[in-house]
Amino acid sequence: MSSESNLFQTKAENTTEIPLSTLRILLWDIDGTLVRSRVNGAFKDYFIPTMKKVFGSVGNFEKMQFSGMTDTQIIYESLREEGFTPEQIFEKKEELLKVFQAEMTAIFERNFEQHEILAGVRGILAAAAETPLFYNSLLTGNLSVAAEIKLRSVDLWHYFSDSPNAFGEISHNRNDLATEAGKLFNERFDFEFAPSQFIVIGDTPNDIICARHFGAKAVAVGTGRGQFKHKLLAEKPDVFLDDLSNTNEVLKILSAL
Ligand SMILES: [Mg+2]
């Protein structure tokens with residue numbers, strides 16, 4: 001057996017667990033990284049009725065550019081000119097989650113195939129799940145209810161259903177999400193992970209910025225709709241990948257970070 005196949009031996013073959021200090025935690029972004037909506041802007045169909053019901057207005061929503069923002073940031077930025085504060089948004093968090101889930105479910109019940117999986121995603125998630133070195137988790141601006149509906153619709157949710165994920169209802173500031181991800185992992189494993197053990201994988205400059213804010217590694221992928229490679233490279237990710245289609249190559253790169 002070569003050293004490479006030793007490194008990537010499956011969990012089933014591996015009888016000894018690796019020390020937590022060597023674990024690499026993959027913090028996956030969702031939109032533009034794992035999946036993409038089949039219709040550009042499809043999220044408006046559930047965002048708009050949700051905002052009207054919970055906050056009574058959509059504010060500037062229709063005029064804004066949202067990529068890389070958390071769902072709560074989208075709501076805040078849309079409503080701030082109407083005098084809403086982040087605190088007022090988060091006071092309604094429980095209602096927001098409930099209405100968002102209902103509106104999104106109604107859309108997905110009409111058409112379950114709202115999203116498509118991006119190239120290589122199923123392969124790399126399966127491989128990472130089988131490799132003791134890695135732990136799959138989410139760092140996403142999506143509200144938890146939105147993340148679950150989206151990932152269930154493409155049969156990817158089972159990779160994350162038991163993970164300590166960082167979701168958009170944690171903060172309107174994406175940078176807080178990586179710090180919170182660190183805390184969630186420390187609590188789950190009762191261990192102090194080094195920030196450098198975390199690898200944020202995302203398609204926007206904000207993903208790289210939030211990784212750096214926490215001290216995590218950053219992998220940029222070129223699969224986001226409307227994202228420019230030069231803007232991603234300007235934030236100096238550790239690695240830029242056009243996509244995730246070459247599973248062995250991506251595993252090698254992630255394990256070397
Ligand atoms: Mg994204």
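**Entry 1: the model.** I am working with a predicted model, in which local features need pLDDT of at least 70, side-chain atom pairs count only at pLDDT 80 or more, and totals for chains, interfaces and linings use all residues. Residues are numbered from 1 along each chain as its sequence is written, and side-chain values use heavy atoms, with hydrogens and water left out.

**Entry 2: the largest pocket.** I looked up its volume, which is about 960 Å³. A pocket here is an open set of points on a 1 Å grid over the protein atoms alone, where a 1.4 Å probe fits, with protein on both sides within 12 Å along at least five of seven lines; lining residues have an atom within 4 Å of a point. The volume is the space filled by probe spheres set on the points. I found 40 lining residues, and Asp31, Phe43, Phe66, Ser67 and Gly68 lie nearest the centre. Where does the largest pocket lie? Domain 1 (3-38 + 116-256) and domain 2 (44-110) both contribute to the lining, so the pocket lies between them. The domain bounds come from an automatic or database domain assignment.

**Entry 3: the magnesium ion.** Which residues coordinate the ion? They are Asp29 (OD), Asp31 (O) and Asp203 (OD), at 2.1 to 2.2 Å. Asp29 sits in the loop between β1 (24-28) and β2, and Asp203 in the loop between β5 (198-202) and α9, so this pair ties together parts that are 174 residues apart in sequence. Donors are N, O and S atoms within 2.8 Å of the metal (3.2 Å for Na, K and Ca), and water is not among the atoms, so sites may look incomplete. Helices (H or I, at least four residues) and strands (E, at least two) are DSSP runs. I noted that Asp29 and Asp203 are both buried, a term for under 20% relative accessible area, with exposed over 50% and partly exposed in between (1.4 Å probe, protein chains only).

**Entry 4: Arg174.** I found Arg174 in helix α8 (residues 174-189). Arg174 counts as buried at 5% relative accessibility. Its side chain makes a polar contact with the side chain of Asp29 (3.0 Å). Such a contact is a pair of N or O atoms within 3.5 Å; within protein, one must be able to donate a hydrogen and the other to accept it, and residues adjacent in sequence count only if both atoms are side-chain atoms.

**Entry 5: Asp190.** I found Asp190 in the loop between α8 and β5. Its phi is near 50°, a positive value in a residue other than glycine. Asp190 is exposed, with a relative accessible area of 73%.
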